[in-house]
Amino acid sequence: MSRKSILGASFALLIASASFMAGPAAAATDAAAVLNHYAALAHAKYEDSLNTAKALDAAIDALIATPSDETLKAARAAWIKARVPYQQSEVYRFGNAVVDDWEGKVNAWPLDEGLIDYVDASYGTESDENALFVANVIANPKLKINGKDVDATKITPEFLSETLHEAGEIEANVATGYHAIEFLLWGQDLNGTGPGAGNRAYTDFDTKNCTNGHCDRRAAYLKAASTLLVSDLQEMVTAWAPDGEATKTVTADPKAGISAILTGMGSLSYGELAGERMKLGVLLHDPEEEHDCFSDNTHASHLNDAVGIASAYTGEYTRADGTKMTGPSLSELVAAKDAALDAEMKAKLAKTLDAMNAMAKRAETVEAYDQMIGEGNAEGNATVQAAIDGLIDQTKTIERVIASLDLGTIELEGSDSLDNPNAVFQ
Amino acid sequence: MARTPITMSRMTARIPRHLLLATGLSFAALGAALADDAIRRTDLSPKDLKRVETVTNPTRDFSKAEPFERMQGGAATSTQPVNGDAFSHFSSNITFSEEETFKLGNALFRKFWVSSPSSTQASDGLGPLFNARACQSCHLKDGRGHPPEGAADSTSMFLRLARPARTEDERQVIAELKTANFPDPTYGGQLQDLAVPGLAAEGRMVITYTEEPVTLAGGETVSLRRPHYSVADLAYGPLAPDTTLSPRIATPMIGMGLIQAITDADILARADPEDRDGDGISGRGARARDHRTGELKLGRFGWKAQNASVRDQSSSAFKGDIGISTPDAPHPFGDCTEAEAKCLAMPTGVQKRLGDTEAPDPVLDLVTFYSENLAPPARRGIDDPAVLKGKSIFYASGCVACHAPKFVTSRKAENKAHRFQLIWPYSDFLLHDMGEGLADGQEVGDASGREWRTQPLWGIGLTERVNGHTFFLHDGRARNLTEAILWHGGEAQAARDTFTGLAVDDRKALIAFLESL
């Protein structure tokens, strides 16, 4: 979709919000305006993700055409840039089934990199039920999946998404998405909790001067993965267009829609980000427990997740080109009912962002995220912990917001009505 | 009776005298609290009790779906879109903070443990002998394992090893459930086909099949494959001559916290060990020792109902399958035996400063919570005429005598999300003699070599969607639901024979019903 139609959508929203601001509009109308804007922001975030992914795809073309330090660096920079809007969109998970159903294709993590390419001997070759643990598709045009011969002579987007991704029903067999591309651009980070990211040489893609073998197949894999990323993101842009499936679903029922916003905020804050992506790493002091582990970009991914969570509440988003979007927000909806609660929510979101920014600053100036979670690094651990604490604390207020808006009962308990197929015995 | 299970005659209000005699010792050990809870529900008001009785009564109306039937895990049911992740969603009714616990558990569930010593000291301790490096390696997509297909194959199945009691003293040890059975003196409780570098794996499971045709009404022929098991490449000498091999595939992970929340009374009310009602179906409760307290409890998890709790099932798997010690099973050498001296000489992953075990607290707590909160998926097509027809046949054929449709969980369940939920697992969680065809000849506690716990059926229709196969039964010998039904024998022989006599359309309808679960 072009920028022009986005402006059109925003204009429509202005009208909606004008009536919302002006009249004694019913609460349902307010919620509808909030949801329309929520969907417009989703569209903008996925469109920015798509455009930055296209730039990444172009940079990958350049790397493959003329492999050099410069073209590799440019591709890495494009990847880092592409992560910004995508991570800010993650708050649309956990409440929107359309997004949940799709997400695993683009951001699945962690991955067993041995499936894709050569790995260091220290990676281990202990075989396992995951027979594809060190399958190394790039080096092996023929492999077996579940005892069946698979022809990997041609590495195409379809081969990655249909055959290789989650091969053998093993979730670690991640073949597609940002992290597969990240691994190919950076290579393994063999520095443990010491300084340094992955350090793949551009010659891994240089068919004339090839290092580590199979440079043509490695390039083909990288190109297939970036092509797939672009088409997958296009799917989400379409879904969040004004008449797209995701937009229609979330705007269909104001109460359920508002509930979806808050579910996404709460689930991403607490279980996903504070828990799985951050606390586990601090708990185990394991550098493998790092979200962007090849590129050492984890700090930025976490920060942008937090920015996205705040955005879902405030209705504000700064686009990749710097344009600022604002509109009817959940914050206004809460303020109308309980101004103190709205102030508390905003304060807590801001506090988390402060902690996240401090963590990101430390990553850029002192030590990388995987060093911060290292054992015995009290200051680094504490920096990460402060962000975790902020996320957990803000979720408590999210729960209070849910209670205050009287939304809690819809999804969790259902009604006794026999007409409702989701009814449960109580 | 040679063994002494917890048993209850159907619908009795007090413990029958003959059972008190037969199980005197075990009941004394169970203590008054469980004995009381085993007789009647103590968690409900009289009014609730009435409601529960009404709602759990088997339906007689197959013209339409029952109320609440779609949500087969009650409020915990997942209504997420049906895809390959259908078994991987958390209970819909847990809190944000519990979601965190779930996700930390999930991360540990899929974590690849590494051999010691390693730079990541919190993640090492694998083996020395093991079947898998991660929970998820066998519980693929939180679903069902499968037998090997082809030579270079990923597997999610192993052989349990045990020998029967040899002396009267040993028989007494099992009768008192001091142990569930006796491991092979050399290879231990299961055959680990993998080992850390520098150590030989124990051996390799070998399966061969012979095809046996069965003819159904209408002339359709189905071929059943009868498996034969042996072990090749034994690295530590022969197995004991009386060691039996019991193949087991990994079971689906859904709904286990809800199963745990079913009251003992509701399960034991269906037991009928003497078959007093003469329907040819007995059903016995299996006793199991709580790993931490040693108390006798009602077993309900595992193919032989050998564990009373999800936590016990999990610590057993950490120890036997991955070789990781936990506070509940603190042996860092996993299943190594004295006869495997080289195994016992390998480094372990215990780091004193982190705790006394390779997976110190809170690892087991987190994995347990995760395992208790994988949501059963909502049913599909409950109003479909073929599904309703199949359901009526399922009831009329006697399948529900063991595959009990519904329970209402305890109001006293530990986790709020599991309390007072109407659930539809289609199992009675009792032991049944399944006949010679399915017998593995291996006793486990109260379970004889012919007995198996009734498998829950919820989610079974999504097996292909989630796991890409339709291998069923304890060793995956059945290649589809029809074959699985045809393998039923023993107490289920009559129901199985009814199935073979059904008209083709009726058989199809029955399968359509199962696939809607």
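**Helix packing and a buried glycine**

Tutor: Let's begin with a helix pair: α9(B) and α11(B) cross in a right-handed sense. Keep in mind that this is a predicted model.

Student: Okay, which residues of α9(B) and α11(B) make the contact?

Tutor: On the α9(B) side they are B:Val310, B:Arg311, B:Ser314 and B:Ser315. From α11(B) come B:Leu364, B:Val367, B:Thr368, B:Ser371 and B:Glu372.

Student: And how many of those are nonpolar, polar or charged?

Tutor: The contact of α9(B) with α11(B) has three nonpolar, four polar and two charged residues.

Student: What about the geometry, so what angle do α9 and α11 of chain B pack at?

Tutor: About 120 degrees, and the axes are 9 Å apart. Helix α9 covers residues 310-322 of chain B, while helix α11 covers residues 363-372. The two are therefore oblique to each other.

Student: Switching to chain A, how do the axes of α11 and α12 cross there?

Tutor: In chain A, helix α11 (residues 330-337) and helix α12 (residues 339-365) cross at roughly 145 degrees, and their axes come within 5 Å. The contact is made by A:Ser331, A:Val334 and A:Ala335 of α11(A), together with A:Ala339, A:Leu341, A:Asp342, A:Met345 and A:Lys346 of α12(A). By type, that contact of α11(A) with α12(A) has five nonpolar residues, one polar and two charged.

Student: Back to chain B. Where is B:Gly445 found?

Tutor: B:Gly445 sits in the loop between β11 (431-433) and β12 (451-453) of chain B.

Student: Is B:Gly445 buried or exposed?

Tutor: Buried, because 22 other C-beta atoms lie within 10 Å, and the cut-off for burial is 20 or more.

Student: Which residues does B:Gly445 touch?

Tutor: Leaving out residues up to four places away in sequence, B:Gly445 touches B:Leu177, B:Ala180, B:Ala286, B:Arg287, B:Ala288, B:Gly299 and B:Gln306. As for B:His139, which is 306 residues apart from B:Gly445 along the chain, the two C-alpha atoms are separated by 25 Å.

Student: Let's zoom out. How many helices and strands are there in chain B?

Tutor: Chain B has 16 helices and twelve strands. Its C-alpha trace spans about 65 × 55 × 50 Å along the principal axes.

Student: Finally, what share of chain B counts as buried?

Tutor: 56% of its 517 residues. Also, among chain B contacts with a separation of 6 or more, 70% are between residues 24 or more positions apart.

Conventions: Residues are numbered from 1 along each chain as its sequence is written. Chains are lettered from A and ligands numbered from 1 in the order in which they are written. This is a predicted model: local features need pLDDT of at least 70, side-chain atom pairs count only at pLDDT 80 or more; totals for chains, interfaces and linings use all residues. Helices (H or I, at least four residues) and strands (E, at least two) are DSSP runs, numbered from the N terminus. A residue is buried if 20 or more other C-beta atoms lie within 10 Å of its own, exposed if 12 or fewer, and partly exposed in between; C-beta atoms are placed from the backbone. Two residues are in contact if their C-beta atoms, placed from the backbone, lie within 7 Å. Axes are lines fitted to C-alpha atoms, for helices over the stretch in contact, and angles run from 0 to 180 degrees between N-to-C directions. Angles under 35 degrees count as roughly parallel, over 145 as roughly antiparallel, 65 to 115 as roughly perpendicular and the rest as oblique. A crossing is left-handed if the near helix is turned anticlockwise from the far one by less than a right angle, and right-handed if clockwise. Ala, Val, Leu, Ile, Met, Phe, Trp, Tyr, Cys and Pro count as nonpolar, Asp, Glu, Lys and Arg as charged, and the others, Gly among them, as polar.
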